[in-house]
Amino acid sequence: MASQREQWNSRTGFILATVGSAVGLGNVWRFPTVVVQSGGGAFVLLFLAIVLVIGVPAIIVELTLGRRSQKNILGTFLILAPGTKWWVAGLFSLVAVFVILSFYSVIAGWAAIYFVGSLLGIFSGLETEGLTLLFGEIAGHGFLSLLAQGIFMLATIIIVSTGITGGIERWSKFLMPGIIVILFMLLGRTLLLEGALEGVLWFLTPDLSQINLDVALSAVGQVFFSFSLGMGAILTYGSYLSPRENIPQSAILIGFADVAIALLMGLIIIPALFVFNVQPEVGPGIIFVTLPAIFNTIPGSMVWSALFFLMLTFAALTSAVSLLEVGVAYFMDARKWSRRAATVLLGSLIFLIGVPSNLSQGIWSNVLIFGRDFLDLMDFTASSILLPLGGFFTVIFLAWIWGTENALKELNKGASTFMWGSGWAFLVKYIIPVAILYIFVSGML
Ligand code: TRP
(Lines give C-alpha, C1' and ligand atoms only; values in the text may rest on other atoms or scores of the structure.)
Protein backbone atom coordinates (compact mmCIF):
# COMPACT_ATOMS: atom_id res chain seq x y z
CA MET A 1 0.00 0.00 0.00
CA ALA A 2 2.76 2.37 0.95
CA SER A 3 4.00 2.57 -2.60
CA GLN A 4 0.70 4.12 -3.64
CA ARG A 5 1.19 7.16 -1.48
CA GLU A 6 1.70 10.27 -3.50
CA GLN A 7 4.90 12.29 -3.28
CA TRP A 8 5.71 15.86 -4.09
CA ASN A 9 6.92 16.24 -7.62
CA SER A 10 9.65 18.72 -6.83
CA ARG A 11 11.32 20.44 -3.95
CA THR A 12 10.02 23.80 -5.17
CA GLY A 13 6.50 22.42 -5.26
CA PHE A 14 6.76 21.13 -1.71
CA ILE A 15 8.20 24.40 -0.40
CA LEU A 16 5.61 26.53 -2.18
CA ALA A 17 2.76 24.34 -0.93
CA THR A 18 4.04 24.47 2.64
CA VAL A 19 4.68 28.19 2.52
CA GLY A 20 1.18 28.43 1.05
CA SER A 21 -0.17 26.66 4.10
CA ALA A 22 1.71 29.00 6.41
CA VAL A 23 0.89 32.25 4.63
CA GLY A 24 -2.75 33.12 5.18
CA LEU A 25 -5.09 35.25 7.20
CA GLY A 26 -2.52 34.88 9.96
CA ASN A 27 0.03 36.96 8.04
CA VAL A 28 -2.20 39.45 6.34
CA TRP A 29 -4.62 40.23 9.08
CA ARG A 30 -3.57 38.69 12.38
CA PHE A 31 0.08 39.72 12.36
CA PRO A 32 -0.38 43.48 11.78
CA THR A 33 -3.24 43.50 14.29
CA VAL A 34 -1.19 41.85 17.01
CA VAL A 35 1.76 44.14 16.28
CA VAL A 36 -0.43 47.19 16.75
CA GLN A 37 -1.96 45.79 19.92
CA SER A 38 1.34 44.74 21.40
CA GLY A 39 3.56 47.75 21.01
CA GLY A 40 5.19 47.64 17.59
CA GLY A 41 8.89 46.88 17.23
CA ALA A 42 9.24 45.18 20.59
CA PHE A 43 6.69 42.61 19.58
CA VAL A 44 8.38 42.10 16.24
CA LEU A 45 11.71 41.43 17.94
CA LEU A 46 10.17 38.91 20.32
CA PHE A 47 8.31 37.30 17.47
CA LEU A 48 11.58 36.79 15.59
CA ALA A 49 13.24 35.27 18.64
CA ILE A 50 10.38 32.84 19.11
CA VAL A 51 10.46 31.92 15.45
CA LEU A 52 14.07 30.80 15.91
CA VAL A 53 13.71 29.03 19.24
CA ILE A 54 10.28 27.45 18.82
CA GLY A 55 8.88 27.98 15.33
CA VAL A 56 11.53 26.56 13.03
CA PRO A 57 12.44 23.65 15.35
CA ALA A 58 8.75 22.77 15.56
CA ILE A 59 8.44 22.74 11.77
CA ILE A 60 11.30 20.23 11.79
CA VAL A 61 9.40 18.14 14.36
CA GLU A 62 6.29 17.89 12.22
CA LEU A 63 8.08 17.28 8.93
CA THR A 64 10.22 14.55 10.48
CA LEU A 65 7.28 12.72 12.05
CA GLY A 66 5.32 12.89 8.82
CA ARG A 67 8.13 11.74 6.58
CA ARG A 68 8.98 8.87 8.88
CA SER A 69 5.46 7.54 9.27
CA GLN A 70 4.29 8.27 5.71
CA LYS A 71 0.88 8.57 7.31
CA ASN A 72 -1.73 11.05 8.40
CA ILE A 73 -1.71 12.76 11.78
CA LEU A 74 -3.51 9.93 13.58
CA GLY A 75 -1.69 7.14 11.77
CA THR A 76 1.66 8.68 12.68
CA PHE A 77 1.03 8.09 16.35
CA LEU A 78 -0.32 4.59 15.71
CA ILE A 79 2.72 3.59 13.68
CA LEU A 80 5.44 5.12 15.81
CA ALA A 81 3.92 4.12 19.16
CA PRO A 82 1.75 1.07 18.54
CA GLY A 83 -0.40 -0.19 21.37
CA THR A 84 -0.43 3.15 23.18
CA LYS A 85 -3.12 5.74 23.53
CA TRP A 86 -1.10 8.40 21.72
CA TRP A 87 -3.46 8.38 18.76
CA VAL A 88 -5.80 10.45 20.94
CA ALA A 89 -3.39 13.34 20.39
CA GLY A 90 -3.91 12.89 16.66
CA LEU A 91 -7.64 12.95 17.19
CA PHE A 92 -7.25 16.30 18.89
CA SER A 93 -5.57 17.72 15.85
CA LEU A 94 -8.14 16.25 13.53
CA VAL A 95 -10.93 17.94 15.46
CA ALA A 96 -9.01 21.22 15.52
CA VAL A 97 -8.72 21.16 11.75
CA PHE A 98 -12.49 20.98 11.39
CA VAL A 99 -12.95 23.80 13.85
CA ILE A 100 -10.38 26.12 12.28
CA LEU A 101 -11.40 25.57 8.69
CA SER A 102 -15.08 26.08 9.54
CA PHE A 103 -14.58 29.68 10.59
CA TYR A 104 -11.55 30.37 8.39
CA SER A 105 -13.74 29.82 5.34
CA VAL A 106 -16.24 32.38 6.60
CA ILE A 107 -13.60 35.11 6.75
CA ALA A 108 -12.07 33.97 3.47
CA GLY A 109 -15.54 34.27 1.93
CA TRP A 110 -15.66 37.91 3.01
CA ALA A 111 -12.30 38.49 1.33
CA ALA A 112 -13.71 37.05 -1.89
CA ILE A 113 -16.79 39.28 -1.62
CA TYR A 114 -14.52 42.28 -1.11
CA PHE A 115 -12.52 41.35 -4.19
CA VAL A 116 -15.63 41.31 -6.36
CA GLY A 117 -17.07 44.34 -4.55
CA SER A 118 -13.89 46.34 -5.20
CA LEU A 119 -14.07 45.55 -8.89
CA LEU A 120 -17.70 46.65 -8.92
CA GLY A 121 -16.72 49.84 -7.12
CA ILE A 122 -19.17 49.43 -4.24
CA PHE A 123 -16.60 50.66 -1.71
CA SER A 124 -15.53 53.70 -3.71
CA GLY A 125 -15.94 57.03 -2.04
CA LEU A 126 -16.95 55.61 1.33
CA GLU A 127 -15.26 56.63 4.55
CA THR A 128 -14.82 54.66 7.73
CA GLU A 129 -18.40 55.06 8.88
CA GLY A 130 -19.96 53.97 5.64
CA LEU A 131 -17.50 51.11 5.35
CA THR A 132 -18.27 49.93 8.88
CA LEU A 133 -21.95 49.76 8.04
CA LEU A 134 -21.29 48.02 4.76
CA PHE A 135 -19.01 45.46 6.41
CA GLY A 136 -21.74 44.70 8.94
CA GLU A 137 -24.22 44.26 6.12
CA ILE A 138 -21.97 41.99 4.09
CA ALA A 139 -20.83 39.83 7.00
CA GLY A 140 -24.34 39.65 8.36
CA HIS A 141 -26.12 39.22 5.08
CA GLY A 142 -26.70 35.52 5.52
CA PHE A 143 -27.32 34.52 1.93
CA LEU A 144 -24.44 36.42 0.39
CA SER A 145 -21.90 35.46 3.01
CA LEU A 146 -23.01 31.82 2.99
CA LEU A 147 -22.72 31.79 -0.77
CA ALA A 148 -19.18 33.19 -0.60
CA GLN A 149 -18.23 30.70 2.11
CA GLY A 150 -19.67 27.90 -0.02
CA ILE A 151 -17.80 28.98 -3.14
CA PHE A 152 -14.58 29.27 -1.18
CA MET A 153 -15.03 25.74 0.23
CA LEU A 154 -15.84 24.49 -3.25
CA ALA A 155 -12.58 25.93 -4.58
CA THR A 156 -10.74 24.27 -1.68
CA ILE A 157 -12.45 20.96 -2.43
CA ILE A 158 -11.60 21.14 -6.11
CA ILE A 159 -7.90 21.73 -5.44
CA VAL A 160 -7.61 19.02 -2.79
CA SER A 161 -9.60 16.48 -4.76
CA THR A 162 -7.13 16.61 -7.63
CA GLY A 163 -4.36 15.33 -5.38
CA ILE A 164 -0.97 16.31 -4.09
CA THR A 165 0.94 16.90 -7.30
CA GLY A 166 -1.92 17.56 -9.69
CA GLY A 167 -3.85 19.78 -7.30
CA ILE A 168 -2.11 21.21 -4.26
CA GLU A 169 1.36 21.45 -5.76
CA ARG A 170 0.21 22.78 -9.11
CA TRP A 171 -2.06 25.42 -7.63
CA SER A 172 0.53 26.52 -5.09
CA LYS A 173 3.00 27.07 -7.90
CA PHE A 174 0.50 29.41 -9.50
CA LEU A 175 -1.01 31.13 -6.45
CA MET A 176 2.11 31.78 -4.38
CA PRO A 177 3.98 33.78 -7.05
CA GLY A 178 0.73 35.66 -7.62
CA ILE A 179 0.57 36.58 -3.95
CA ILE A 180 4.17 37.76 -3.95
CA VAL A 181 3.80 39.91 -7.06
CA ILE A 182 0.71 41.64 -5.64
CA LEU A 183 2.44 42.05 -2.31
CA PHE A 184 5.32 43.99 -3.84
CA MET A 185 2.98 46.16 -5.87
CA LEU A 186 1.05 47.10 -2.75
CA LEU A 187 4.24 47.62 -0.82
CA GLY A 188 5.55 50.03 -3.41
CA ARG A 189 2.30 51.92 -3.29
CA THR A 190 1.98 52.38 0.47
CA LEU A 191 5.65 53.12 1.05
CA LEU A 192 5.41 55.96 -1.44
CA LEU A 193 2.73 57.65 0.64
CA GLU A 194 3.93 60.77 2.32
CA GLY A 195 4.61 60.14 6.00
CA ALA A 196 4.99 56.39 5.63
CA LEU A 197 8.46 56.47 7.14
CA GLU A 198 7.15 57.21 10.59
CA GLY A 199 5.11 54.03 10.55
CA VAL A 200 8.05 52.04 9.23
CA LEU A 201 10.19 53.27 12.11
CA TRP A 202 7.53 52.49 14.71
CA PHE A 203 7.20 49.04 13.23
CA LEU A 204 10.91 48.31 13.22
CA THR A 205 12.24 50.07 16.31
CA PRO A 206 11.88 47.91 19.39
CA ASP A 207 10.93 49.74 22.55
CA LEU A 208 12.09 47.09 25.02
CA SER A 209 9.98 48.48 27.85
CA GLN A 210 6.94 47.20 25.95
CA ILE A 211 7.95 43.58 26.43
CA ASN A 212 5.99 41.72 29.07
CA LEU A 213 4.38 38.35 29.59
CA ASP A 214 1.26 39.21 27.61
CA VAL A 215 3.32 40.27 24.65
CA ALA A 216 5.33 37.05 24.86
CA LEU A 217 2.14 35.02 24.98
CA SER A 218 0.67 36.58 21.90
CA ALA A 219 3.98 36.23 20.09
CA VAL A 220 4.05 32.48 20.67
CA GLY A 221 0.40 32.13 19.69
CA GLN A 222 1.11 34.06 16.53
CA VAL A 223 4.09 31.89 15.60
CA PHE A 224 2.03 28.71 16.00
CA PHE A 225 -0.88 30.02 14.03
CA SER A 226 1.22 31.54 11.30
CA PHE A 227 3.42 28.48 10.84
CA SER A 228 0.35 26.20 10.69
CA LEU A 229 1.73 24.21 13.61
CA GLY A 230 -0.05 22.10 16.16
CA MET A 231 -2.66 20.37 14.10
CA GLY A 232 -0.91 18.14 11.67
CA ALA A 233 -0.94 20.31 8.57
CA ILE A 234 2.84 20.46 8.27
CA LEU A 235 3.10 16.84 9.42
CA THR A 236 0.72 15.74 6.68
CA TYR A 237 2.67 17.67 4.04
CA GLY A 238 5.82 16.04 5.43
CA SER A 239 4.29 12.63 4.84
CA TYR A 240 4.52 13.25 1.08
CA LEU A 241 8.25 13.89 1.27
CA SER A 242 10.95 11.61 -0.04
CA PRO A 243 13.81 10.57 2.25
CA ARG A 244 16.20 12.62 0.14
CA GLU A 245 14.69 15.89 1.27
CA ASN A 246 16.82 18.01 3.58
CA ILE A 247 14.30 18.75 6.33
CA PRO A 248 16.21 21.30 8.45
CA GLN A 249 17.05 23.32 5.39
CA SER A 250 13.47 23.23 4.18
CA ALA A 251 12.19 24.24 7.60
CA ILE A 252 14.45 27.26 7.66
CA LEU A 253 13.33 28.24 4.18
CA ILE A 254 9.65 27.86 5.04
CA GLY A 255 10.00 29.77 8.28
CA PHE A 256 11.98 32.50 6.59
CA ALA A 257 9.43 32.90 3.80
CA ASP A 258 6.50 33.07 6.19
CA VAL A 259 8.22 35.62 8.41
CA ALA A 260 9.30 37.69 5.42
CA ILE A 261 5.75 37.80 4.12
CA ALA A 262 4.37 38.72 7.54
CA LEU A 263 6.90 41.54 7.86
CA LEU A 264 6.13 42.83 4.39
CA MET A 265 2.42 42.76 5.21
CA GLY A 266 3.22 44.79 8.28
CA LEU A 267 5.15 47.22 6.08
CA ILE A 268 2.12 47.60 3.84
CA ILE A 269 -0.49 48.05 6.51
CA ILE A 270 1.18 49.80 9.43
CA PRO A 271 2.69 52.80 7.59
CA ALA A 272 -0.68 53.28 5.92
CA LEU A 273 -2.31 53.46 9.33
CA PHE A 274 0.21 56.10 10.37
CA VAL A 275 -0.21 58.14 7.23
CA PHE A 276 -3.93 58.40 7.72
CA ASN A 277 -3.65 58.60 11.43
CA VAL A 278 -6.30 56.00 11.97
CA GLN A 279 -6.80 54.14 15.16
CA PRO A 280 -6.85 50.63 13.80
CA GLU A 281 -9.76 48.56 14.85
CA VAL A 282 -9.05 45.29 16.50
CA GLY A 283 -10.25 42.21 14.67
CA PRO A 284 -11.40 41.84 11.10
CA GLY A 285 -12.21 45.55 10.95
CA ILE A 286 -8.58 46.39 10.28
CA ILE A 287 -8.83 44.68 6.93
CA PHE A 288 -12.43 45.13 5.95
CA VAL A 289 -12.90 48.70 7.16
CA THR A 290 -9.66 50.54 7.85
CA LEU A 291 -7.80 49.37 4.80
CA PRO A 292 -10.57 50.06 2.24
CA ALA A 293 -10.90 53.53 3.78
CA ILE A 294 -7.21 54.10 3.21
CA PHE A 295 -7.36 52.77 -0.34
CA ASN A 296 -10.18 55.20 -1.03
CA THR A 297 -7.88 58.13 -0.49
CA ILE A 298 -5.42 57.13 -3.19
CA PRO A 299 -5.98 57.34 -6.93
CA GLY A 300 -7.04 54.09 -8.54
CA SER A 301 -8.46 52.85 -5.25
CA MET A 302 -10.60 50.20 -6.92
CA VAL A 303 -7.60 48.51 -8.44
CA TRP A 304 -5.49 48.57 -5.27
CA SER A 305 -8.32 47.32 -3.16
CA ALA A 306 -9.19 44.58 -5.64
CA LEU A 307 -5.55 43.48 -5.76
CA PHE A 308 -5.33 43.37 -2.00
CA PHE A 309 -8.43 41.24 -1.56
CA LEU A 310 -7.43 38.96 -4.38
CA MET A 311 -4.14 38.39 -2.61
CA LEU A 312 -5.95 37.72 0.66
CA THR A 313 -8.30 35.24 -0.98
CA PHE A 314 -5.41 33.38 -2.62
CA ALA A 315 -3.47 33.29 0.64
CA ALA A 316 -6.47 31.93 2.53
CA LEU A 317 -7.09 29.35 -0.18
CA THR A 318 -3.66 27.72 0.02
CA SER A 319 -4.01 27.58 3.82
CA ALA A 320 -7.51 26.11 3.66
CA VAL A 321 -6.23 23.48 1.25
CA SER A 322 -3.64 22.34 3.79
CA LEU A 323 -6.26 22.14 6.53
CA LEU A 324 -8.64 20.04 4.44
CA GLU A 325 -5.76 17.77 3.38
CA VAL A 326 -5.15 16.80 7.03
CA GLY A 327 -8.63 15.27 7.24
CA VAL A 328 -8.57 13.83 3.74
CA ALA A 329 -5.23 12.09 4.38
CA TYR A 330 -6.71 10.42 7.45
CA PHE A 331 -9.81 9.10 5.72
CA MET A 332 -7.76 7.91 2.76
CA ASP A 333 -5.10 6.12 4.87
CA ALA A 334 -7.24 4.71 7.62
CA ARG A 335 -10.66 4.27 6.09
CA LYS A 336 -9.53 3.61 2.53
CA TRP A 337 -11.85 6.27 1.14
CA SER A 338 -11.08 7.57 -2.30
CA ARG A 339 -9.54 11.03 -2.39
CA ARG A 340 -12.53 12.42 -4.18
CA ALA A 341 -15.10 10.99 -1.75
CA ALA A 342 -13.08 12.07 1.27
CA THR A 343 -12.64 15.60 -0.06
CA VAL A 344 -16.26 16.15 -1.02
CA LEU A 345 -17.64 14.66 2.18
CA LEU A 346 -15.30 16.42 4.59
CA GLY A 347 -15.44 19.68 2.69
CA SER A 348 -19.23 19.69 2.78
CA LEU A 349 -19.27 18.75 6.43
CA ILE A 350 -16.88 21.57 7.27
CA PHE A 351 -19.05 23.96 5.32
CA LEU A 352 -22.03 22.92 7.45
CA ILE A 353 -20.05 23.29 10.67
CA GLY A 354 -19.16 26.78 9.49
CA VAL A 355 -22.76 27.84 8.99
CA PRO A 356 -23.34 28.85 12.64
CA SER A 357 -20.09 30.87 12.57
CA ASN A 358 -21.32 32.62 9.49
CA LEU A 359 -24.80 33.33 10.84
CA SER A 360 -23.32 34.50 14.14
CA GLN A 361 -22.20 37.62 12.29
CA GLY A 362 -25.79 38.38 11.33
CA ILE A 363 -29.11 36.97 12.46
CA TRP A 364 -27.56 34.95 15.27
CA SER A 365 -25.36 37.73 16.55
CA ASN A 366 -27.19 37.84 19.87
CA VAL A 367 -26.53 34.18 20.62
CA LEU A 368 -23.55 34.29 22.95
CA ILE A 369 -21.77 31.29 24.43
CA PHE A 370 -19.37 32.11 27.27
CA GLY A 371 -19.74 35.71 26.21
CA ARG A 372 -18.56 35.07 22.66
CA ASP A 373 -20.43 34.79 19.42
CA PHE A 374 -20.04 31.48 17.64
CA LEU A 375 -17.25 32.49 15.26
CA ASP A 376 -15.31 33.98 18.09
CA LEU A 377 -15.88 30.86 20.17
CA MET A 378 -14.57 28.61 17.38
CA ASP A 379 -11.54 30.85 16.92
CA PHE A 380 -10.83 30.85 20.63
CA THR A 381 -11.31 27.10 21.05
CA ALA A 382 -9.01 26.34 18.17
CA SER A 383 -6.28 28.93 18.61
CA SER A 384 -6.09 29.00 22.37
CA ILE A 385 -6.91 25.42 23.34
CA LEU A 386 -6.69 22.81 20.58
CA LEU A 387 -3.69 24.30 18.79
CA PRO A 388 -1.33 24.63 21.76
CA LEU A 389 -2.39 21.23 23.08
CA GLY A 390 -1.86 19.61 19.68
CA GLY A 391 1.55 21.27 19.41
CA PHE A 392 2.50 20.22 22.92
CA PHE A 393 1.57 16.57 22.39
CA THR A 394 3.35 16.40 19.05
CA VAL A 395 6.59 17.78 20.45
CA ILE A 396 6.44 15.65 23.61
CA PHE A 397 5.73 12.63 21.49
CA LEU A 398 8.73 13.15 19.29
CA ALA A 399 11.08 14.03 22.13
CA TRP A 400 10.09 11.53 24.79
CA ILE A 401 8.15 8.69 23.21
CA TRP A 402 9.58 8.16 19.77
CA GLY A 403 12.84 9.69 20.93
CA THR A 404 15.17 12.33 19.55
CA GLU A 405 17.66 9.65 18.53
CA ASN A 406 15.19 8.06 16.18
CA ALA A 407 14.25 11.49 14.98
CA LEU A 408 17.85 12.45 14.27
CA LYS A 409 18.35 9.22 12.37
CA GLU A 410 15.41 10.12 10.18
CA LEU A 411 16.59 13.69 9.79
CA ASN A 412 20.09 12.69 8.80
CA LYS A 413 18.80 10.72 5.84
CA GLY A 414 18.46 13.84 3.79
CA ALA A 415 20.76 16.09 5.79
CA SER A 416 23.94 14.36 6.75
CA THR A 417 25.33 17.70 7.82
CA PHE A 418 22.60 18.48 10.29
CA MET A 419 25.15 19.85 12.69
CA TRP A 420 22.75 21.55 15.05
CA GLY A 421 21.15 18.20 15.82
CA SER A 422 21.91 18.20 19.50
CA GLY A 423 20.85 21.82 19.91
CA TRP A 424 17.59 21.00 18.20
CA ALA A 425 17.10 17.92 20.40
CA PHE A 426 17.63 20.06 23.47
CA LEU A 427 15.05 22.61 22.38
CA VAL A 428 12.56 19.91 21.53
CA LYS A 429 13.03 18.01 24.77
CA TYR A 430 12.99 20.86 27.25
CA ILE A 431 12.50 24.36 25.99
CA ILE A 432 9.58 24.01 23.60
CA PRO A 433 7.29 21.83 25.75
CA VAL A 434 7.85 23.99 28.81
CA ALA A 435 7.23 27.15 26.81
CA ILE A 436 4.00 25.84 25.30
CA LEU A 437 2.74 24.53 28.60
CA TYR A 438 3.53 27.76 30.35
CA ILE A 439 1.75 29.77 27.71
CA PHE A 440 -1.21 27.47 27.66
CA VAL A 441 -1.66 27.54 31.41
CA SER A 442 -1.21 31.28 31.75
CA GLY A 443 -3.51 31.83 28.81
CA MET A 444 -6.20 29.80 30.55
CA LEU A 445 -5.89 31.66 33.85
N1 TRP B 1 -1.06 29.44 8.90
C2 TRP B 1 -2.28 29.89 8.30
C3 TRP B 1 -2.37 31.40 8.43
O4 TRP B 1 -1.42 32.03 8.78
C5 TRP B 1 -3.49 29.26 8.92
C6 TRP B 1 -3.38 27.79 9.02
C7 TRP B 1 -3.34 26.92 7.99
C8 TRP B 1 -3.22 27.04 10.19
N9 TRP B 1 -3.18 25.65 8.48
C10 TRP B 1 -3.10 25.71 9.80
C11 TRP B 1 -3.15 27.40 11.50
C12 TRP B 1 -2.90 24.73 10.75
C13 TRP B 1 -2.96 26.42 12.44
C14 TRP B 1 -2.81 25.11 12.08
O15 TRP B 1 -3.38 31.97 8.17
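Let me start with Ser-228, where an N or O atom in the side chain lies 3.0 Å from a nitrogen atom of the ligand, a polar contact in the sense of a pair of N or O atoms within 3.5 Å. Taken alone, the ligand exposes 360 Å², and the protein buries 100% of that, with accessible areas taken from the Shrake-Rupley method with a 1.4 Å probe.

Please keep in mind that this is a predicted model, in which local features need pLDDT of at least 70 and side-chain atom pairs count only at pLDDT 80 or more, while totals for chains, interfaces and linings use all residues. Residues are numbered from 1 along each chain as its sequence is written, and side-chain values use heavy atoms, with hydrogens and water left out.

Which residues surround the ligand? There are 16 of them, and the closest are Ala-22, Gly-26, Tyr-104, Phe-225 and Ser-228, where a residue counts if one of its heavy atoms lies within 4 Å of the ligand. By class, this shell has eight nonpolar, eight polar and no charged residues, with Gly counted among the polar ones. Helix 1 (11-22), helix 2 (25-37), helix 10 (213-226) and helix 14 (301-335) each supply at least two residues of the shell, helices being DSSP runs (H or I) of at least four residues, numbered from the N terminus.

Now to the cavities. The structure holds five cavities of 30 Å³ or more, a cavity being a set of points, on a 1 Å grid over the protein atoms alone, where a 1.4 Å probe fits but cannot get out, and its lining residues having an atom within 4 Å of a point. The largest cavity has a volume of about 160 Å³, and of the 20 residues that line it, the closest to its centre are Ser-21, Tyr-104, Phe-225, Ser-228 and Leu-323. This largest cavity is the space taken by the ligand, which sits there in the sense that more than half of its atoms lie within 2 Å of the grid points.

The second largest cavity has a volume of about 60 Å³, and its lining includes Ser-118, Phe-123, Asn-296 and Met-302. Helix 14 gives the most to that lining, with three residues, and by class the lining has four nonpolar, six polar and no charged residues.

Technical notes: A polar contact is a pair of N or O atoms within 3.5 Å; within protein, one must be able to donate a hydrogen and the other to accept it, and residues adjacent in sequence count only if both atoms are side-chain atoms. On a 1 Å grid over the protein atoms alone, a cavity is a set of points where a 1.4 Å probe fits but cannot get out, and a pocket is an open set with protein on both sides within 12 Å along at least five of seven lines; lining residues have an atom within 4 Å of a point. Grid points are joined across faces, edges and corners, and a volume is the space filled by probe spheres set on the points.
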